[in-house]
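Biologist: Please show me the model. I want to know what stands behind each label.

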Amino acid sequence: MQQGTELDSLFQWLVGLVMPFLSMESRMAALYLAATAVLVYGIWRLRGRRERFLAFALPKSVYFHRSNWLDIKIFVVNATLTISGVMAALVFTPLVVSVVLTLLSAGASGDTQQAVQGWEWQLIATLVMVLSMDFCKYWAHYIHHEWRALWPFHAVHHSAEVLTPLTAGRNHPVFLIIRSVIYSLVLGCVQAVMLFLFVGQVDLLTIGGANAGYVLFNLVGSNLRHSHVWLSYGPVLEHVFISPAQHQIHHSRAVRHHNKNYGEIFAFWDWM
């Protein structure tokens, strides 16, 4: 019986390690990695194919670097914490939604409202959620750079000597906990307001069960943010959207590049 339980636990752990490569909500999903490979192939061709494609896309100096091996180890540790339920226990979004929705309902008039429907409202709700999530990520990122007490936890991420897609998960558990608290508070309030305004039902535009906005973000190069492949959107678009190049600059060792480009999708949080 004990051996069977241990095998079940091992199987669940292995499934948990694989899930980030299957879930559309994960940046590491196979579909997004495939889209990244196509994008890198296009960049390689545009730059004149000066070396073999595999050497350009997967250089040994990057993927066999000790820093990348550490990224893999940290990925396994954080995935194990997620599988164990430790991280999920720290997300209290439903509680915030319930409290705020109760307060809003108590202060509302007795007039009967009509449920809001239609793809236009789905689009608005989707954009609101994308903006809200990015707002949370900006501030979580900001305070870990600007508050001296929190910087050591985020310094783990910036200790990477080379950048690969797995570097995105190179995070200290304390950083993840603080970010989860911010998510729960802000997104809980936003969801409650939308549920109140939309009369109890909020439908987002989704693809494969994931927010369509994030699916698009992941398809157009989110994995290049932590990579050696330079992709800039140009000075105009980069005032609105954070390009992979801007995030690579964020990881620069040069002092003049420090404490810039805190956003994930949108750049206007920084200049606002």
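Biologist: How do you know that the span of helix α9 (residues 173–197) agrees with its number of residues?
Modeller: The expected span is 1.5 Å times one less than the number of residues. With 25 residues, α9 should span 36 Å, and its end C-alpha atoms are 35 Å apart, so the two agree. Helices here are DSSP runs of H or I, at least four residues, numbered from the N terminus. This is a predicted model, where local features need pLDDT of at least 70, side-chain atom pairs count only at pLDDT 80 or more, and totals for chains, interfaces and linings use all residues. Residues are numbered from 1 along each chain, and side-chain values use heavy atoms, without hydrogens and water.

Biologist: Which residues of α9 are buried, and what covers them?
Modeller: Buried means under 20% relative accessible area (1.4 Å probe, protein chains only). Among the buried residues of α9 are F175, L176, Y183, L187 and M194. Their cover includes α5 (66–84), α6 (93–107), α7 and α8 (151–158).

Biologist: Why is M272 called exposed?
Modeller: Exposed means over 50% relative accessible area. M272 has 68%, so M272 is exposed. M272 lies in the segment after α12 (268–271).

Biologist: What makes α7 oblique to α10?
Modeller: Helix α7 (residues 119–146) and helix α10 (residues 212–219) pack at about 60°, with axes 8 Å apart. Under 35 degrees is roughly parallel, over 145 roughly antiparallel, 65 to 115 roughly perpendicular, and the rest oblique. Therefore α7 is oblique to α10.

Biologist: Which residues make that contact?
Modeller: Contact means heavy atoms within 4.5 Å. T126, V130, M133, D134 and K137 of α7 meet A212, G213 and Y214 of α10.

Definitions and conventions. Axes fitted to C-alpha atoms, helices over the stretch in contact; angles between N-to-C directions. Helix = DSSP H or I, 4+ residues; strand = E, 2+ residues; numbered from the N terminus.
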